[in-house]
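Work through the exercises below with the structure open. Each task is followed by its solution.

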Amino acid sequence: MDNIAVSGNFEITPCEQIADIESKTGFKKLALTSAQKIQMGGLTQQFPAVMATGALSGCYMVQFPDGLPHVLAQLKQGGFSTIVKGENGRIAGTASLYPVEAQAAVLGAFNAMSIVSGQYFLAQINSELKTMNQNIDKILEFLYGDKKAELISEVSFVKSAYQNYSSIMEHEHQRFATLVSLQEAKKVAMKDIEFYMSDLDSTVNTKSGSDIVAWTDKIFQIKDCLELSIQLYSMSSLLEIYYSQNYDANYISNVEEESVIYIGKCEKRMLSSFSKLSTHIQNFKEGPLKKVDKPALEKKVNLVVDSFSRGTESEMLKSIRSVLHASEAKAEYYVNSNGDLYLRTA
């Protein structure tokens with residue numbers, strides 16, 4: 001089984017069917033739409049022509065050392081072609097290396113592979129968005145104030161953009177409209193973060209009065225709104241990259257720096273506020289007519305303080321970094337004769 005280099009940026013290898021691949025660790029079956037599965041099947045039919053071999057294999061391994069999106073960008077710009085120069089050394093035209101139908105099949109299938117793997121990588125960050133992943137009724141229980149309507153609207157939109165990513169990416173006009181709306185959602189998220197952060201600071205620095213339980217509950221309500229806004233900011237930022245298919249290294253680096261610094265500052269401000277809350281609860285003097293379960297309140301607050309004071313990046317920031325750089329990582333896919341697609345994850 002010899003590796004056959006199709007270009008300098010990806011390799012296709014015919015291989016034997018991997019028995020029980022779905023149950024093996026290190027392989028993830030990617031969900032395909034019916035149209036994408038047809039594209040995968042068409043790709044396997046074209047592999048012999050692309051590789052200049054006459055035999056069809058039951059399974060192929062496609063490897064992208066620099067990541068699939070970077071290869072795809074190159075193919076979109078130049079296809080499978082080579083420059084032909086005239087006698088004077090000037091470009092006279094291009095000569096196709098492979099039949100046009102093979103080019104179309106490979107490009108279409110690689111597009112599909114990029115989209116479905118993008119959905120898989122986005123799922124990594126989505127699993128961390130526990131506040132945002134609650135149902136709408138649950139979210140409405142803690143949202144309050146003038147920001148309530150716009151925030152729930154943007155959260156609903158971004159959740160839909162994530163859930164329907166694979167489908168929307170196949171329709172250019174809808175993709176563009178979604179991309180513009182994601183940029184607006186990110187702006188709304190940043191405004192709401194600053195609103196709730198200011199509200200958190202002012203509430204923590206205001207005396208609790210006699211009802212410290214209600215005061216603490218109010219602070220936790222603000223925290224929920226703040227976390228929802230931060231998660232909206234994170235997901236809209238990442239979806240903007242995946243919808244635009246802009247994997248330029250400088251752009252990715254700038255998005256990473258902006259996100260990590262901004263979310264890091266938010267987490268530090270939340271740590272400061274909840275540390276003050278913890279101290280206030282410790283110093284609170286109970287009145288003769290009302291008993292307060294201070295240990296329970298302290299435990300609840302200290303869980304938040306501990307989550308922000310571990311000395312390491314939060315799981316949210318780690319997931320953001322991972323998803324941002326997924327396009328740069330070596331990618332290895334397996335396509336069988338049925339058009340099923342598997343990503344090697346380990």
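**Exercise 1.** Find which ring the charged end of Lys218 sits over.

Solution. A charge sits over a ring if NZ of Lys or CZ of Arg is within 6 Å of the ring centre and within 35 degrees of the ring normal. For Lys218 the ring is that of Tyr144, with 3.6 Å to its centre. Lys300 likewise lies over the face of Phe220, 4.4 Å from the ring centre. The model is predicted: local features need pLDDT of at least 70, side-chain atom pairs count only at pLDDT 80 or more, and totals for chains, interfaces and linings use all residues. Residues are numbered from 1 along each chain as its sequence is written, and side-chain values use heavy atoms, with hydrogens and water left out.

**Exercise 2.** Classify the ring pair of Phe195 and Tyr196.

Solution. Rings of Phe, Tyr and Trp (its six-membered ring) pair if their centres lie within 6.5 Å; planes under 30 degrees apart are stacked, over 60 edge-to-face, the rest tilted. The structure holds 13 aromatic pairs. One of them joins Tyr165 and Tyr243, edge-to-face at 5.1 Å centre to centre and 85° between the planes. For Phe195 and Tyr196 the centres are 5.0 Å apart and the planes at 80°, so this pair is edge-to-face.

**Exercise 3.** Decide whether Phe195 and Tyr196 are buried or partly exposed.

Solution. Buried means under 20% relative accessible area, exposed over 50%, partly exposed in between (1.4 Å probe, protein chains only). Phe195 has 32% relative accessibility, so Phe195 counts as partly exposed. Tyr196, at 0%, is buried.
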